[in-house]
Amino acid sequence: MKIVIAPDSFKESLSAEAAARAIARGVQAACPGAQTVCIPMADGGEGTVSAVLAATGGKLRHSPAHNALGESITAHWGELDEGTAIIEMAAAAGLDQIPEARRDALAADTHGVGELLRAALDAGARRLILGLGGSATTDGGTGMLRALGARFLDADGKALPPGGGALARLASIDLSGLDARLAEVQVEVACDVDNPLCGPQGAAHVFGPQKGATEAQVEQLDAALARLADIARDTLDHDARDHPGAGAAGGLGFAARAFLDARFRPGVEVVAELNALDSAIEGAALVFTGEGRMDAQTLRGKTPAGVARVAHARGVPVVALAGSLGAGYQELHAHGITAAFSLAPGPVTLADALAHADSYLADRARDVTQLWLAAGKRRL
C-alpha cells in the first residue's frame, strides 16, 4: 500500500522535508508495511528551493549577493537537470533577513535577486524559475534589472539610487546594457498572488505596511510605481501594470513580465511539476499534505489546495494536517481535501506548538492512519 506525503513547510518550525519525514514516521508507526513516498512541496515562496532539491536531487548553489538594504550576503539557489535554475527572491531580498527596526520601505531593493539570476546564467541555465514571496521590497523589480544591466535615470541622466521611493524621479530607462543572454532563456515566475502593480490592490497598498511603510509612504510608493509603469510603457510599447501578479514581491512580478517576458504560473503547480507529484500519486491509496495554517485563503494557490487538485484527479483521498485551522477551512472539502486536522493535542502556547511540531505531526499522522485502516477503506 502506497501513501504519498506532500506537505509544505510549517513556518518557523519545520521545513517541508522535515514535515514529510515526521508524517512518514507516524504512518509507519500505525502501518509498518506501508510504502511511504515523501514529496516535499512549496508554493513559490520561502522553502521552494529546498523542497524541489529534496525531491529531485538537484544541486544547492551559493552565490555572493546583496540583501534588500545592500549588505553583502551569501544567498542560495538551485541547479536542476537540463539547464534549469530555481531561485527564491526571498533568498536575496527577503523580509525575514531584515530586523523590524531596520526595515526601510523606500530604500529596500531587489539587486540581490538580479545577482542570483546572473549567477544562474553564468552557470549555463537556459530556464530560470523565479519564486516570488516574502519580499522586503517595493521597488518594482528595478534593483533586479539594474543588476542585470539596465539603468534607471532621472531628468539629468543620472542613475537613481536604489529603492522604490526614488522612482518618483524616474525620467528614462536605458536597456542597452541589459544582459543579452536573457533574450535566449525561458523565464517562469512561480507566484500565488494576482495583485496588479498599482492602486488599492497593488504592491504598495496591500503589502507595503508589512514591510515597514507608513501610510504616507504607501501613497508615495504607489505613485512611484505608477511612474515606473508609465516610463516602462513608453520604453517597451506595452503596459504590464495590470497583469495578474504584477504587484507580487513589491512589483518584482511587473519587472519580470514587462522586461523579461516571464510566464506566470501558480507556484504550487510549478513545484508539483518539478517534483513529479502526479506520477508519485499514481497508484497511491492515500495522500497526506499540510502547512502551518489552513483557512479559506488556502484555496488561493497554497500547497494543500494544489496537492488536493492533483490527487482528486486520480481519485485519491487527501488528509491535511495543519498547525491551526482558521475560518473557512471547511471550503477545502469541496476542492479535494477529504479531511483536515490541527496538530495540537489541546490548548498550547505558540512557542510550545512550534517546539513540538515534529512530534505533533507524527502523532496526528499515526492517529489518522489508524482510523483510516480501522474504517476498512484500505487493508494490507
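Trainee: What is the volume of the largest cavity?
Mentor: This is a predicted model, in which local features need pLDDT of at least 70 and side-chain atom pairs count only at pLDDT 80 or more, while totals for chains, interfaces and linings use all residues. Residues are numbered from 1 along each chain as its sequence is written, and side-chain values rest on heavy atoms, with hydrogens and water left out. A cavity is a set of points, on a 1 Å grid over the protein atoms alone, where a 1.4 Å probe fits but cannot get out, and its volume is the space filled by probe spheres set on the points, joined across faces, edges and corners. The structure holds 1 cavity of 30 Å³ or more, and the volume of the largest is about 30 Å³.

Trainee: Which residues line the largest cavity?
Mentor: By class the lining has 5 nonpolar, no polar and 2 charged residues. With lining residues taken as those having an atom within 4 Å of a point, the list is A68, L69, I98, R103, D104, A108 and A136.

Trainee: How far apart are the centres of domain 1 and domain 2?
Mentor: The chain is divided into domain 1, formed by 2–39 + 277–377, and domain 2, covering 48–267, with bounds from an automatic or database domain assignment. Taken over C-alpha atoms, the separation of the two centres is 32 Å.

Trainee: Which residues of domain 1 lose the most area to domain 2?
Mentor: The two domains bury about 420 Å² between them, 49% of it on carbon and sulfur atoms, where buried area is the accessible area (1.4 Å probe) lost on being put together, summed over both parts. Together accounting for 59% of what the domain 1 side buries, the residues that lose the most are E17, R300 and G301.

Trainee: How close are the N and O atoms in the salt bridge of K302 with D192?
Mentor: Across the interface of domain 1 and domain 2 the rule, a side-chain nitrogen of Lys or Arg within 4 Å of a carboxyl oxygen of Asp or Glu, finds 1 salt bridge. For K302 and D192, the closest N and O atoms lie apart by 3.3 Å.

Terms used
1 Å grid on protein atoms, 1.4 Å probe; cavity = no way out; pocket = protein on both sides within 12 Å on 5 of 7 lines; lining within 4 Å. Nonpolar A, V, L, I, M, F, W, Y, C, P; charged D, E, K, R; others polar.
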